[in-house]
Amino acid sequence: MEIVVCIKRVPATDTAIKIAADGKSIETQGVTFELNAYDEFALEQALRIKEQLNAGSVTVVTVGPKEAQKQLQDALARGADKAVLLLTNEWVHDSWACSHALAAHINKSKYDLLLCGRQAMDADNNQLPSRLAALLGFGCVTEVSKLSLANGVFTAERDIEGAREVIECKTPAVISCNKGLNEPRYANLKGIMAAKKKPYEESPAALPTSAMAIESLTLPPARKAGRILGTGAAAVPALIAALRNEVKVL
Amino acid sequence: MARRIDTYLQDLVAEEKFAFYEAVREFSDAEVAPHLLDWERKHLLVPDDCLAKMSELGLFGLPITTEYGGQGGDHTDLCLLGLALGYHSQSVAITPGAAISLGAKPLQLCGTDAQKKAHLPDLAAGKRMFVFGLSEPGRGSDAANPEVTAIKRGGNWVINGEKCWSTNARWASHVVVHALTNPTGPNGKRSTCFIVPMNAPGVFYQEMKGKKVWEQSSTGSIVFENVEVPADAILGAENDGFKVMVTTLNGGRLFIASLALASLAFALDKTRIYAEERVQFDNKPIGRFQRVQDVIVDMDIALERGLTWLMHCCKRFEAGTLSREQAAKVKVDCSRTASDLVQLAMEACGGVSCFDEFGLIRHHNDLFVTRVGEGSNFALKDLIVRPLRQP
Ligand SMILES: Cc1cc2nc3c(=O)[nH]c(=O)nc-3n(C[C@H](O)[C@H](O)[C@H](O)COP(=O)(O)OP(=O)(O)OC[C@H]3O[C@@H](n4cnc5c(N)ncnc54)[C@H](O)[C@@H]3O)c2cc1C
């Protein structure tokens, strides 16, 4: 099975985000970047499928800046066979444009399966996998937290409101991966050394003009200090009054 | 949070070595750090599933060549492992660290081809572990003339006596025993090393209880009662056992230095960040006090200096040009500087340093081992002074 894993380089989750001077992007000075956590599940799943079938290949693709080479190398070190960097210096936050750039590349070869993280933790759009499936004419299952493969058919499980949905799907397909799907492996030294010799490709990303523009970015307002209204059952009426009249949530 | 140590290492080592350091650091952040308090409060040794994950990551086979199923790393990689794991816990770091630098290393350096074939693949896979049996209840710094004896009987050797302080004894498959074989020979030529299976009849292991440092690391006492081993259990040459031990310790001392620097790196980050968060007098951070800054600055200087020196020594070790004095000096300096500074760091942070969850007390306690283990600093100065007394 020929598998593509779409990955993204995003600010580390413990970053204290600051808004840049333009008011439309984040300050990247001093920020460490890492592989989007959901993409780690996608990569791990791809490697497991290849190991299960003992055949096929895993290609990792990203649309991103030159620095994303590091995340691609990391994916190669964990066991991917080939890496592709579709270069852009823009911050890719528009899933529509990004899916076009990815589809343009993916269409050049024949792939059976595309694995993505459920969403990139920077823009948090949660759109790319479905858009990509639509552009490629592939089937699509999103936010999968359990996946198995038998006789060429995938059985995917996803959590929906109050229940779990089980879906069977054939290739070609796009599957987006959720937390809990697997436990991603770490790169070992042998893998890191081997990664240097694996095929690596770089070309400009075929990004169409973005369909949307960010007008402004603001940080959420600082949380106000809490207030203790009293203790025990005696405080309940005051609490209800405050929730009803001040916070207006009741 | 960006760690100071990362900025220095990125500059000092090749890209793929830094990538390896980062992979172990991620492992340590995700699989060790969140559980440490629990392990400590329950007085557990490194749990089996953590050991299994470390062997899955190939850590136990780090410097073993790929031909034997290892990772093909070198001594720089080993010290990077020490830095990455030791940042959270020296106890966890010493477990693969000793298994490699004291366990597999003598076999790699002095083993026959047959011995290597018999053991290295399983050592690399984490299925076997060797421990280093040099120290004894009556022979610590004065280790050249062991009280453990080995006497020839027919074609075999019979071993009697007791080893102690054996790191990793709990998980060991074999112990490399340094035993007296030629009591009347010249000093340094009286002993021989033997590879002894831990399950051989007459071998008894007991964990040394009550140790308040390196709490998750196994430290065992191993007794030998008429333990018979064949002649091919000899590691290195007969009556040349002390050389095997001493050569091994050169590399081991670099690893101990990496643990000391790992603790220093943790303390530096902890202190510099806490000093900006904690406010006293006029609601301003204690990081504005110059006496607090002095401690932080001194830690930063010591860290960059120590790392630079250690990475240099690793290269020399690989090239076979590291002298015993150099290995001893970097171990002595990194361990004493880090432990002195971490104590000051605790004072700079104040009462909060008493708590296990703040982390500094763990590193403070563990740093003691780096001063005494693999040669007490006091005794090592005897070695360091030798060339200085030559005209
Ligand atoms: C946690 C831990 C793990 C260890 N793991 C291992 C292991 O895996 N394998 C192993 O073989 N050993 C191991 N050791 C033992 C370690 O190598 C010894 O503790 C060390 O060599 C010192 O020996 P000693 O503790 O018996 O001290 P002693 O030799 O009794 O010395 C006590 C003190 O006397 C002074 N002193 C001694 N000699 C001199 C001298 N020449 N000049 C000046 N002062 C001197 C020093 O202050 C020294 O600290 C471990 C030790 C610890 C604490």
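Of the 250 residues of chain A, 36% count as buried (20 or more other C-beta atoms, placed from the backbone, within 10 Å of the residue's own). The model is predicted: local features need pLDDT of at least 70, side-chain atom pairs count only at pLDDT 80 or more, and totals for chains, interfaces and linings use all residues. Residues are numbered from 1 along each chain as its sequence is written, while chains are lettered from A and ligands numbered from 1 in the order in which they are written.

**Chain A**
- Chain A has 6 helices and 11 strands, taken as DSSP runs (H or I, at least four residues; E, at least two) numbered from the N terminus.
- The C-alpha trace of chain A spans about 70 × 45 × 40 Å along its principal axes.
- Among contacts in chain A with a separation of 6 or more, 71% join residues 24 or more positions apart; a contact requires C-beta atoms, placed from the backbone, within 7 Å.

**Contact between chains A and B**
- Chain A gives 13 residues to the contact and chain B gives 16 residues.
- On the side of chain A, helix H2 (69-78) and helix H5 (189-195) are the elements that give two or more residues.
- H5(A) has the largest share of that side, 4 residues.

**Ligand shell**
- The ligand is surrounded by 23 residues (C-beta atom, placed from the backbone, within 6 Å).
- The closest are Leu134(B), Gly140(B), Ser141(B), Thr167(B) and Ser376(B).
- Elements of chain B that each supply at least two shell residues include strand S3 (156-167) and helix H12 (377-385).
- Domain 2 (130-242) and domain 3 (243-389) of chain B each give the shell at least three residues, with bounds from an automatic or database domain assignment.

Methods. Contact = placed C-beta atoms within 7 Å. Buried ≥ 20, exposed ≤ 12 C-beta atoms within 10 Å, placed from the backbone.
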